[in-house]
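Here is a briefing on one protein chain, arranged by topic for reading beside the structure.

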Amino acid sequence: MPQRTRIVGLDVAKRKVDGCIRSLGQRRSMPSTPEGQAELVAWLRTNRVGTAVMEASGGYERSWAEALRAAGIKVRIVDPKRVRYFAKSAGRLAKNDPIDAETIAWFAETFADDVARPHDPEREALDRLVKARAGLKELETQIAQQGEHRQPPIVAKAHAAIAKTVRAELRKLEAAIAAKIKANPVLARRAAIIQSVPGLADQAVAGVIAWMPELGHITNQAATALLGAAPYDDDSGEHKGARHIKGGRRKLRNLLYMPVMGAATQHNPVLKAYYQRLRTRGKEAKVALIACMRKLIVILNTMLARDQIWNPPARAAA
């Protein structure tokens, strides 16, 4: 069989997908149906396409990715922001589905050396559970915030009923997350390593496993950048601007913020000593906490790479 090396860019929407094989100048639109998926697979096989690249699109990409993987076609799911910034940098301001498909293909060809995240159905299932829990936690917070203000009795009663249901569903999801991790030896081992770090409880551990599977397989610099905890320079000529964190995985960063605060101020001797040194040097509390988050992700990356649980040198805990 001839080697399939071409790339297709796919713009996935709710009801259809637009594809572009840029190297051949070919475009096709298929409906989001089993027949449409079969048509796409046949088109890609005919044109010897080996890799399909699509943006994360709120879950609509999942069924297409599953169909393509089942047909033996590699799938890369990329960050929509990266593709859009790429388009803007190239002066492409127009936006519609066929243009987006071509832009995704161009992006994929330009960054062909990017390593695709390995397909892991078990981790993806955990990802969905963790996302669902995060969504319910946001709803719980919104209801609590509205309850801080006096409401008409009927509204207060409705909020109380919803809050009760949300808490019950959260407990079910948390049990499902724990069971999913326990049932998979690889996930269970990662959980044991991460949870051995003082200050990280079940939900922070699940978030790290689900949302940062690259840990243990990348450099420390890449790990901090992926989390979005790496400070970037803002200098030009004689101007020396303040350094700020940018990009990264905001959901995981938000999830870790409170656990890191607890670890840096109470529970983790290494992070606590580091936090106190930064504060003594005049660093603002939030800056010091982000630095602790950066240190934590480096520690986790190293522990997972070495398959080691928490065991800092005695002097580090002093």
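Cys20 counts as buried because its relative accessibility is 1%, where buried means under 20% relative accessible area, exposed over 50% and partly exposed in between, with a 1.4 Å probe and protein chains only. This is a predicted model, in which local features need pLDDT of at least 70 and side-chain atom pairs count only at pLDDT 80 or more, while totals for chains, interfaces and linings use all residues. Residues are numbered from 1 along each chain as its sequence is written, and side-chain values use heavy atoms, with hydrogens and water left out.

**Cysteines**
- Cys292 is likewise counted as buried, because its relative accessibility is 0%.
- The count of disulfides, meaning pairs of cysteine sulfur atoms within 2.5 Å, comes to 0.

**Whole chain**
- The protein chain has 318 residues, of which 38% count as buried.
- The chain holds 13 helices and 9 strands, taken as DSSP runs numbered from the N terminus (helices H or I, at least four residues; strands E, at least two).

- An open sheet with mixed pairing is formed by 5 strands in the order 3-2-1-4-5, where two strands pair if DSSP finds at least two bridges between them.
- Its edge strands, each pairing on one side only, are strand 3 (26-31) and strand 5 (74-78).
- Strand 2 (residues 16-21) pairs with strand 3 in the antiparallel sense over 6 bridges, and Val17 stands opposite Met30 in strand 3.
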